[in-house]
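I opened the model today to look at one strand and its surroundings. These are my notes, in the order I worked.

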Amino acid sequence: MKLSEGRIGNAEGIGFLGIALTVNGLFVLDIAEDYRLGNTAYLAFPAAILLGLAVFLLLWGAMRLSGKQSLPALLDHALGKTAGSLVLALLIGLLLFDAYCLLSRFVTMVHTLVYGNDTVFTILVWITGTAACIAFLGFECIGRLAKCFAPVLLLLLLCELAIPIESYEAYRLFPLPEDAFSHAAADAVRGSFAALPPLVLLLCFGNGLQGLASIRRIGVIAALSAAALTCAAQLCIGMVFGADELQKTFIPLYELNIKMVAESYFFRLDKVALFLWLIGAVITAAYETYGAANLFCRRFSRYDARPPVIAFFALLLCSIAAEHAGCYALLTDLFDFVHRFGAAVLLSVLASAAAVSLLRSAWKRRKLHEAQ
Amino acid sequence: MLKKEDSPGKDGWKTVFEQISEIFGFGKNSEAFELLETESGMPPPLGRAKDGHRERKKEAERSIGASITENEAMMRRLFRADINKDLIFRSFLLSGNIPAFLVYVNGMADAKQVSDFILRDGMVKGCMDDAKGDIASFAVKRVFTVGEAVTEKRENRIRQAILDGKTAVFIDGADSAVLMDTRGYEKRTVGEPQAEKVVLGPQEAFVENLRTNITLLRRILRMEDLVCEMRSAGGENGINAALLYREGITNITLVEEIKRRLARINTLSVIGTGIMQQLIEEHSLSPFPQFLQTERPDRAASLLMEGHVILLLDGSPYASVMPATVFTLMTSAEDAYMRRPQATVIRIVRCIGAVISILLPALFLSLALFHQGLLSTEVLTTVIASRKMVFAPIGAEMVFLLLVFQLIREAGMRVPGNIGQAIGIIGGLILGQAAVAANLASSVVLIVVALTGLGNFCIPDYETQLAASFFRLSLALAAWAGGLLGVACLGTVFTAWLTVLKSFGLPFLAPFAPKTRSKRPMILRGRIRMHAGAEDMLNTKEGDA
């Protein structure tokens with residue numbers, strides 16, 4: 001199979017997964033929705049990642065016990081080939097949806113904040129073209145690229161959070177919603193659509209990531225780091241802007257930059273930061289789309305991941321272009337539906353698949369034990 | 001009035017069609033020389049024609065006979081002796097009674113050695129009296145007093161040896177020839193490096209002679225595990241190549257892969273390391289070189305010690321080091337001779353220079369064209385004031401100046417020493433000043449290009465400098481088209497390309513991505529350890545240990 005997987009190490013894996021989870025946590029989630037009743041984003045966002053991590057670990061445990069080396073094999077083992085294929089299709093859909101949300105959000109940001117005079121399509125072609133190139137070059141490329149840019153993005157985030165340190169006021173974290181924890185939990189479940197697919201996708205690369213043990217290590221380290229970073233970022237944002245203000249803010253992190261560094265030594269470096277985050281988003285979109293193409297190839301016994309990569313990116317390009325042109329209200333409604341309930345469906349299906357697989361493995365072991 | 005025979009007609013005046021045919025030369029056999037060969041058939045309408053050399057069938061290895069008359073006729077036919085006057089055929093009587101003849105290329109073999117140690121010794125009466133059985137072997141053992149002498153039966157080997165400068169002696173009744181090393185052609189003496197000058201360290205450089213180059217390496221590396229495999233490359237031309245590595249230390253898979261690629265070469269055009277490299281590298285479209293080319297024996301020896309493989313080619317004063325990474329290409333020979341902090345600082349400066357060289361024009365264009373808000377008012381005012389009278393758009397101005405820089409560099413390199421320096425000064429100072437005065441370029445853009453040029457010269461490897469120029473120009477065009485978005489996108493694509501690029505299986509960004517146990521070479525220079533273990537980046541035996 002020429003799936004361009006290659007072999008990458010732990011640092012590369014932590015790099016791309018960390019970038020994917022952090023970028024999704026900071027830029028993809030629906031900001032206005034999260035601040036509608038008060039400020040619990042600093043709990044909800046990391047909780048979404050941790051929820052994803054819990055499902056990931058459950059699936060990992062099931063894979064280890066059943067001896068399956070990849071997620072498609074586990075799903076077939078737990079649910080049968082037909083149902084397994086359906087769940088895989090759902091995962092592919094969610095991965096593409098996640099990439100779509102991320103690219104669309106960044107296209108909007110770049111268009112609104114930097115290139116107001118240019119057409120959206122030009123920006124879209126630049127961004128999607130770059131992501132397509134990276135995905136086309138394969139998994140090894142995505143991993144190594146992530147390793148190159150992960151330290152830069154980490155440093156950038158720390159700088160962005162450190163510069164406005166004098167403006168942090170704890171009172172701005174209030175008001176909390178009345179039932180803060182249940183509110184945060186609901187947001188976490190809803191927000192896990194951005195955290196779950198990249199994490200679960202990791203389970204499909206048993207070969208490329210050099211075994212199940214490496215996968216668990218990578219998943220845990222990346223998810224915990226991303227949870228800590230998103231928590232810190234949301235906490236800092238919450239201490240600078242009130243919840244009412246945040247409801248009207250387009251991208252809080254960008255707003256944080258623009259307010260705090262204006263007329264300072266880092267005069268208007270906000271755009272540089274935006275383009276660095278854009279590189280993170282491009283890597284994430286490439287990872288998710290390549291992952292979707294890889295799963296597609298495995299399921300349909302295709303021998304080259306590149307044609308589906310191109311097809312998926314063409315699909316993404318057309319969808320985002322159509323969205324920005326104001327077309328197809330029906331699809332927008334569908335996207336809204338997936339945005340709200342997609343993760344819940346995937347969460348329950350994957351969790352149940354893991355549970356079934358675990359039960360079947362335990363039952364098989366017991367039978368074997370009895371026979372002996 | 002026209003006579004009958006002058007009037008137009010079938011046999012008299014030419015018809016119109018004939019006149020047109022004459023003008024355009026229809027139906028005429030062309031006697032002009034044509035370089036475009038179509039002997040192997042017409043080229044296909046799509047794609048390229050097959051290479052003529054590739055179509056030739058490999059000749060079966062033929063052995064020579066025992067008859068001296070036949071052997072001489074064969075040699076004369078092979079070397080076109082009737083028109084080829086630099087081949088020397090000398091008949092003589094071996095031991096005073098056995099007919100023999102020798103062949104060598106005039107100028108390639110040392111005539112004094114031939115007469116002193118072959119002819120004089122061979123003509124001693126009775127020297128072959130005790131010969132029984134294989135008389136060629138007997139002559140090697142008892143008659144000829146040349147250091148390297150072997151017997152050879154295969155005709156193509158004998159032919160190749162003669163062309164290498166050896167002398168072949170054919171003896172009547174012997175079905176093998178005696179090949180003796182009498183090479184004595186002119187060669188350049190070992191001189192100073194031209195492209196890799198250092199303040200500290202040895203001042204020797206490779207020359208065009210393969211033997212001398214191997215000796216230069218062996219003088220530094222006095223280890224018994226240093227292997228020098230002689231191979232011929234380049235199809236029938238069979239240029240001599242030496243593959244050097246440490247047996248038992250260097251990764252054997254790497255050595256086998258290099259040998260496989262060398263064996264695949266079947267073209268006559270291998271006349272230098274550059275051509276050889278293009279034929280055996282993986283990514284021929286990559287702007288980055290996948291070899292390190294060095295003219296310094298000390299540097300080659302150091303890399304050899306770490307487990308790299310080195311290819312030397314006869315007629316080329318460079319060693320090709322395999323595999324190479326971006327960090328290897330960014331190191332200089334002098335780094336190892338300096339103290340650790342000094343070398344580290346210099347390496348950091350070099351990296352900053354490289355980054356400036358690649359990114360500065362693109363970033364400047366982006367800021368000036370698309371993101372003026374990112375510049376402070378003072379900087380913006382200066383840029384605007386300096387461009388007040390310049391008629392060309394800033395993007396065109398930048399691309400024009402970058403091309404002028406390449407022009408000056410290229411012109412300076414191709415002309416002899418002092419004139420080259422003069423061109424650099426004229427280009428840098430006078431042309432720059434004149435361009436600003438004539439409003440062809442602004443002083444700010446000129447400074448940006450000058451800084452870019454300085455940064456470019458910080459890159460130690462020549463081919464990497466050219467690769468940086470390619471990236472610089474591409475990024476500048478992307479910045480002109482799309483500002484920071486273009487730079488970010490194209491920069492990411494270039495980095496992605498670097499991540500997948502491999503030099504003989506070794507990722508180009510190693511040891512950073514992927515990480516290896518050994519961190520060398522990277523930006524910071526590591527300490528020189530007491531135990532000289534080979535780098536594990538290359539999966540050497542010492543690395544495993």
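I took two strands as paired if DSSP finds at least two bridges between them. Helices (H or I, at least four residues) and strands (E, at least two) are DSSP runs, numbered from the N terminus.

I noted the ground rules. This is a predicted model, where local features need pLDDT of at least 70, side-chain atom pairs count only at pLDDT 80 or more, and totals for chains, interfaces and linings use all residues. Residues are numbered from 1 along each chain as its sequence is written, with chains lettered from A and ligands numbered from 1 in the order in which they are written.

**Strand β4 of chain B**

I looked up its partners. β4(B) pairs with strand β5 (residues 177-180) of chain B in the antiparallel sense, over 3 bridges. Within that pair, B:Val169 has B:Val178 as its bridge partner.

Next I checked burial. A residue is buried if 20 or more other C-beta atoms lie within 10 Å of its own, exposed if 12 or fewer, and partly exposed in between; C-beta atoms are placed from the backbone. Why is strand β4 (residues 167-171) of chain B largely enclosed by the rest of the structure? Because 5 of its 5 residues are buried. Both faces are covered. B:Thr167, B:Val169 and B:Ile171 lie on one side, B:Ala168 and B:Phe170 on the other. In a regular strand the side chains alternate between the two faces of the sheet.

**Chain B as a whole**

I counted 18 helices and 12 strands in chain B. Of its 545 residues, 36% count as buried. The chain is divided into domain 1 (68-180), domain 2 (210-324) and domain 3 (338-507), with bounds from an automatic or database domain assignment. The centres of domain 1 and domain 2 of chain B, taken over C-alpha atoms, are 32 Å apart.

**Contact with chain A**

I called two residues in contact if their C-beta atoms, placed from the backbone, lie within 7 Å. On that basis, 20 residues of chain B are in contact with 26 residues of chain A.
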